[in-house]
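Subject: A structure to look at

Hello,

I am handing over a structure that I have been going through, and I hope you enjoy it. Please open it first, and then read on for what I found.

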Amino acid sequence: MKIIGPDYLVFGVDDLQSCSQFLRDYGLEESGNGYFQALDGTGVQLRERDDPSLPAPLHSGSQLRETVYGVADEATLEAIAGELRKDREAQFGEDGVLRCVDDAGFALGFRITQRKTVSLAAEKVNAPGDADTRPVNHTGASEEMDRAPRSLSHVVYFVPDSARAEAFYTRLGFVCTDRFTHVGPFLRPGGTLDHHTLFLIQAPPFMTGIEHFTFHMGGPTALMMAGNRFVQKGYQSFWGPGRHQLGSNWFWYFNSPLGCHIEYDADMDLHDDNWQPREAMPGADNSQYFLLAYREKWAPGPDNPR
């Protein structure tokens with residue numbers, strides 16, 4: 001099944017105004033009707049918490065109300081419908097989205113993806129011995145460089161039974177790329193090579209909900225510049241910047257008014273079916289290669305001794 005990844009996430013929030021400003025400051029573009037999008041059109045839909053059009057909330061009170069995945073074609077959509085209807089209700093809405101509830105209680109949707117193709121160069125590194133470098137007289141960074149989120153990358157769930165949740169997504173063609181022992185798997189659907197678009201974390205039932213979501217950036221410099229801008233706007237860094245081990249992606253997480261964390265990520269590994277999943281114990285040593293601490297700009301001088 002050629003599921004590409006999440007097209008958009010739907011949140012029912014208490015403070016629509018502050019959540020909207022937060023997503024604008026993060027770098028998403030508001031396109032109307034509470035929708036905030038990355039460059040390829042993937043994004044976040046905001047609604048008032050008590051909006052009657054929303055799916056029923058999780059018992060935990062999580063503000064995430066629905067995850068809508070994009071699929072490659074009509075055949076995939078019909079295949080998903082057939083698989084889901086073996087043991088649960090799955091109905092198409094007037095908007096063409098096939099909707100159901102997964103085994104952990106999350107409301108899911110599937111539609112033929114509406115994401116747009118983005119043709120933008122990634123960051124390039126000048127390194128001795130590498131022929132694929134930046135052109136001569138092209139600077140590696142500038143205040144004018146692209147630092148907009150490019151595409152919705154992945155979502156992370158707290159689930160009460162990670163094995164059961166994994167089994168459900170495996171039915172839909174997701175495969176495990178790596179795993180944290182006693183925690184849960186990183187899952188890649190069949191329509192992408194991204195290391196993961198879903199990560200499942202074993203947690204008590206009262207915590208069921210979203211831990212974080214993230215958008216791909218154009219590279220680590222774009223991530224650092226976007227994160228720096230976000231801090232300067234007054235938002236609180238939660239974890240990062242740094243670089244993960246499993247997936248290799250650069251990361252920078254922030255607290256959000258959406259009841260979860262939000263991340264910038266960049267340079268995630270790509271895998272195909274020849275990849276052999278790794279397993280590691282959870283913890284600081286296996287979560288990141290390094291972790292940096294943010295501080296305001298500083299320069300040495302007579303008034304700024306080391």
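By a contact I mean heavy atoms within 4.5 Å of each other. With that in hand, consider the contacts in the protein with a separation of 6 or more: residues 24 or more positions apart account for 69% of them. Please keep in mind throughout that this is a predicted model.

Let me begin with the whole chain. The protein has five helices and 18 strands. Along its principal axes, the C-alpha trace spans about 70 × 45 × 35 Å. How does the radius of gyration agree with that of a compact globule? For 306 residues, such a globule would have a value near 19 Å, and the protein has 20 Å, so the two agree. Of the 306 residues, 50% count as buried. The accessible surface comes to about 14900 Å², and 52% of that belongs to carbon and sulfur atoms. As for charge, there are 27 positive and 42 negative side chains, yet the centres of the two sets lie 2 Å apart.

Next, the interior. In soluble globular proteins, nonpolar side chains tend to be buried together. Here the largest nonpolar core holds 59 residues, and the members that touch the most others are Phe 11, Phe 110, Tyr 157 and Phe 213. Helix 4, residues 220–232, gives the most to this core, with five residues. A second, separate core has ten residues, among them Val 156, Phe 158, Phe 199 and Leu 246.

Leaving aside neighbours within four places in sequence, its contacts include Leu 9, Phe 11 and Val 44. Phe 213 also touches Leu 152, His 154 and Val 155, and there is a further group made up of Leu 258, Cys 260, His 261, Ile 262 and Glu 263.

Now to the start of the chain. Ile 4 lies in strand 1, residues 3–13. Which residues does Ile 4 touch, apart from neighbours within four places in sequence? They are Gly 70, Val 71, Ala 72, Thr 113, Arg 115, Pro 189, Gly 191, Thr 192 and Thr 197. By contrast, Asp 161 is 157 residues from Ile 4 along the chain, and their C-alpha atoms are separated by 24 Å.

Helix 1 covers residues 16–26, and its buried residues are Cys 19, Ser 20, Phe 22, Leu 23, Asp 25 and Tyr 26. After helix 1 comes Gly 27, with a positive phi near 125°. Gly 27 sits in the loop between helix 1 and strand 2 (29–32). Its relative accessibility is 26%, so Gly 27 counts as partly exposed. Beyond residues up to four places away in sequence, Gly 27 touches Pro 149 and Arg 229. Gly 27 and Ala 148 are 121 residues apart in sequence, but 5.6 Å apart in space, C-alpha to C-alpha.

Ser 31 is partly exposed, at 42% relative accessibility. Ser 31 and Arg 179 are 148 residues apart in sequence and 37 Å apart in space, again C-alpha to C-alpha. Ser 31 is also one of the contacts of Gln 37, which include Leu 28, Glu 29, Thr 42, Gly 43 and Lys 116 as well. Gln 37 is found in strand 3, residues 35–37. Is Gln 37 buried or exposed? With a relative accessible area of 16%, Gln 37 is buried, because the cut-off for buried is under 20%.

Finally, some backbone details. Asn 137 has a positive phi of about 70° although it is not a glycine. Asn 137 lies in the loop between strand 8 (107–112) and strand 9 (151–159), and with a relative accessible area of 77% Asn 137 is exposed. Asp 267, not a glycine either, has a positive phi of about 60°. The loop holding Asp 267 runs between strand 16 (261–266) and strand 17 (278–280), and at 44% relative accessibility Asp 267 counts as partly exposed. There is also a cis peptide bond, which joins Gly 240 and Pro 241 with an omega of about 5°. Pro 241 is found in strand 14, residues 237–244.

Happy browsing, and best wishes

Note on methods. Residues numbered from 1 in each chain as written. Predicted model: local features only at pLDDT ≥ 70, side-chain atom pairs only at ≥ 80, totals over all residues. Heavy atoms only, no water. Core = buried A, V, L, I, M, F, W, Y, C linked by side-chain atoms within 4.5 Å. Buried < 20%, exposed > 50% of the residue type's maximum accessible area, 1.4 Å probe, protein only. Helix = DSSP H or I, 4+ residues; strand = E, 2+ residues; numbered from the N terminus. Rg over C-alpha atoms; globule rule 2.2 N^0.38 Å. Areas by Shrake-Rupley, 256 points an atom, 1.4 Å probe, with all protein chains shown as cover. Lys, Arg positive; Asp, Glu negative; His and termini not counted. Charge placed at Lys NZ, Arg CZ, Asp CG, Glu CD.
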